[in-house]
Amino acid sequence: MENHVDPERAAFEHFKSLPRDTPIEMLNLIRFKEQATYPDGHAQSGKGLSGFEAYQRYGKESGPIFERVGGSIIWRGKMEALLIGPSDETWDACFIARYPNSSAFLEMVTDPAYQIAVVNRQAAVQTSRLIRMKPIETKGNGFG
């Protein structure tokens with residue numbers, strides 16, 4: 001499995017080109033490293049932290065920013081089994097974050113305090129998927 005931790009420039013540019021004034025939901029699938037790996041000379045060394053512990057640090061530091069921009073976790077679950085898909089795609093954390101709009105998400109990721117906190121995420125994550133979704137109303141079986 002290829003490692004995906006931060007967005008590629010083209011993907012981020014596409015994200016920014018989409019409507020910014022409608023609610024969005026972000027599907028997060030995350031696999032943690034056994035041991036967090038911080039850059040040399042990082043002020044918060046994180047020495048000896050597991051990937052999970054470093055991600056908890058990220059959540060603690062970025063949470064107030066996430067809440068300030070209007071973000072909320074609307075679903076969280078634990079992967080139990082993969083029925084369809086590549087067998088090497090297993091996830092330690094799965095959740096959906098809702099934002100009032102993509103401008104709120106962009107405000108969060110460009111906040112100077114978030115830029116400091118995200119180093120913990122980068123140290124923690126082996127690979128991930130972050131998928132922007134547009135909420136839709138469902139009818140009947142959910143596909144109407």
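Predicted model: local features only at pLDDT ≥ 70, side-chain atom pairs only at ≥ 80, totals over all residues.

Biologist: At roughly what angle do the axes of α3 and α4 cross, and within what distance do they come?

Modeller: The axes of α3 and α4 cross at roughly 70 degrees and come within 5 Å, where an axis is a line fitted to C-alpha atoms, for helices over the stretch in contact, and angles run from 0 to 180 degrees between N-to-C directions. Residues are numbered from 1 along each chain as its sequence is written, and side-chain values use heavy atoms, with hydrogens and water left out.

Biologist: Which residues of α3 and α4 meet, and how do they divide by class?

Modeller: M108, V109 and T110 in α3 meet P112, Y114 and Q115 in α4, contact being heavy atoms within 4.5 Å. These residues divide into four nonpolar, two polar and no charged, with Ala, Val, Leu, Ile, Met, Phe, Trp, Tyr, Cys and Pro counted as nonpolar, Asp, Glu, Lys and Arg as charged, and the others, Gly among them, as polar. The helices themselves are DSSP runs of H or I with at least four residues, strands are runs of E with at least two, and both are numbered from the N terminus.

Biologist: Why are α2 and α4 called roughly antiparallel?

Modeller: Helix α2 (residues 51-68) and helix α4 (residues 112-124) pack at an angle of about 160 degrees, with their axes 7 Å apart. Roughly antiparallel is the label for angles over 145 degrees, and α2 and α4 are therefore given it. The contact is made by G51, A54, Y55, R57, Y58, E61, S62 and I65 of α2 together with A113, Y114, A117, V118, N120, R121 and A124 of α4, and by class it has nine nonpolar, three polar and three charged residues.

Biologist: What makes the pairing of E25 with R98 a salt bridge, and which parts of the chain does it tie together?

Modeller: The term requires a side-chain nitrogen of Lys or Arg within 4 Å of a carboxyl oxygen of Asp or Glu, and the closest N and O atoms of E25 and R98 are 2.5 Å apart.

Biologist: Which salt bridges does R68 form with E107 and D111?

Modeller: The side chains of E107 and R68 meet at 2.8 Å, N to O, and this pair links helix α3 (residues 102-110) with helix α2 across 39 residues. R68 also meets D111 in a salt bridge, at 2.6 Å, N to O; D111 lies in the loop between α3 and α4, so that pair ties together parts 43 residues apart in sequence. R68 is partly exposed at 47%, and E107 counts as partly exposed at 40%, while D111 is buried at 16%.

Biologist: How many salt bridges does the structure hold?

Modeller: The structure holds six, and R9, E13 and K16 are linked in a network of them.

Biologist: Why is L29 called buried, and what does L29 touch?

Modeller: L29, found in strand β1, counts as buried because its relative accessibility is 17%. Leaving aside residues up to four places away in sequence, L29 touches W91, A93, C94, T127, S128 and R129. L29 and L130 are 101 residues apart in sequence and 6.6 Å apart in space, C-alpha to C-alpha.

Biologist: What makes Y38 and S50 buried?

Modeller: Y38 is buried with a relative accessible area of 13%, and S50 is buried with 19%. Y38 lies in the loop between β1 and α2, and S50 is placed in the loop between β1 and α2 as well.

Methods: Parallel < 35°, antiparallel > 145°, perpendicular 65-115°, else oblique. Buried < 20%, exposed > 50% of the residue type's maximum accessible area, 1.4 Å probe, protein only.
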